[in-house]
Amino acid sequence: MQYQFKFNKILKIKEREKDQAFDVYNQAVKRFEETARKLYDLLKKKEDLEEYQQSRLAEGLPVQEIRHHQHFVSSLEKTIDHYQKMVANARTQMNFQQEKLMEKNIEVKKYEKMQEKDLTGFLESMKQAEGRQMDDISIQLYMNRGN
């Protein structure tokens with residue numbers, strides 16, 4: 001007699017769902033990392049620009065160039081604010097997808113545990129059936145010897 005888990009199809013579906021959730025989570029992590037990298041680059045660019053402006057101010061800088069730098073920094077700060085919101089959204093999405101992945105993983109583990117218990121029960125019943133067969137054979141042999 002061959003073992004067949006009664007919820008095998010459900011287990012396969014749950015495993016597929018878990019794999020899909022894992023792919024979605026990896027995409028969310030990738031988006032978060034890309035957005036965070038862009039934010040970091042913008043912050044670094046702003047820092048470098050401010051350092052450059054400070055060094056130029058020490059040497060003496062025309063008013064027009066100061067205005068140009070201030071306008072550029074203001075534009076850069078708006079972009080940084082936008083990317084900070086994007087990073088926060090990407091982090092929220094990544095955390096949400098991580099929770100979904102954990103839920104799917106728990107579901108799969110439950111079915112795997114059920115399968116493990118079912119297999120253990122099946123093997124135990126096979127041992128008992130085998131034991132009964134051996135007893136029957138022993139009884140028949142004893143009865144045949146007696147005749």
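**Entry 1: a pair in helix α2**

I started with E116 and K113, which are three residues apart in helix α2 and therefore separated by about one helical turn. Their side chains meet in a salt bridge, at 3.8 Å from N to O. I looked up the accessibility of both partners: E116 is partly exposed with a relative accessible area of 47%, and K113 is partly exposed at 44%. A reminder to myself before going on: this is a predicted model.

How many salt bridges does the structure hold? I find eight. One of them joins the side chains of E17 and K14, again at 3.8 Å from N to O. E17 and K14 are three residues apart in helix α1, so about one helical turn separates them. E17 counts as partly exposed, at 25% relative accessibility.

I then looked up the bridge between E65 and R56, where the N to O distance is 3.1 Å. E65 is partly exposed at 22% relative accessibility, and R56 is partly exposed too, with a relative accessible area of 23%. Buried means under 20%, so E65 at 22% counts as partly exposed.

**Entry 2: aromatic rings**

Next I turned to the rings, and I noted three aromatic pairs in the structure. In one of them, F5 and F7 have ring centres 5.9 Å apart and planes at 75°, so I log the pair as edge-to-face. Is F5 buried or exposed? F5 counts as buried, at 4% relative accessibility. F7 is partly exposed, with a relative accessible area of 28%.

F7 also pairs with Y111: the ring centres are 6.3 Å apart and the planes stand at 70°, so this pair is edge-to-face as well. I checked where the two partners sit. F7 lies in the segment before α1 and Y111 in helix α2, so the pair ties together parts that are 104 residues apart in sequence.

I looked up K46 in helix α1, which covers residues 8–59. Is this lysine buried or exposed? K46 counts as buried, because its relative accessibility is 19% and the cut-off for buried is under 20%. The side chain of K46 makes a polar contact with the side chain of E77, at 3.0 Å. Leaving aside neighbours within four places in sequence, I find K46 in contact with V73, L76, E77 and I80.

**Entry 3: Q97**

Q97 belongs to helix α2, residues 63–146. At 6% relative accessibility, Q97 counts as buried. Which residues does Q97 touch, not counting those up to four places away in sequence? I wrote down V24, Y25 and A28.

**Entry 4: distances along the chain**

L57 is partly exposed, with a relative accessible area of 38%.

Last, I opened the UniProt record. Its unreviewed entry annotates residues 73–114 as "coiled-coil region". In the model that span is 100% helix and 0% strand, and its end C-alpha atoms lie 61 Å apart.

How values were computed:
Residues numbered from 1 in each chain as written. Predicted model: local features only at pLDDT ≥ 70, side-chain atom pairs only at ≥ 80, totals over all residues. Heavy atoms only, no water. Helix = DSSP H or I, 4+ residues; strand = E, 2+ residues; numbered from the N terminus. Buried < 20%, exposed > 50% of the residue type's maximum accessible area, 1.4 Å probe, protein only. Polar contact = N/O pair within 3.5 Å; in protein donor to acceptor, adjacent residues only side chain to side chain. Contact = heavy atoms within 4.5 Å. UniProt positions renumbered as here; feature names shortened; annotations may be inferred. Phe/Tyr/Trp six-rings, centres within 6.5 Å; stacked < 30°, edge-to-face > 60°. Salt bridge = Lys/Arg side-chain N within 4 Å of Asp/Glu carboxyl O.
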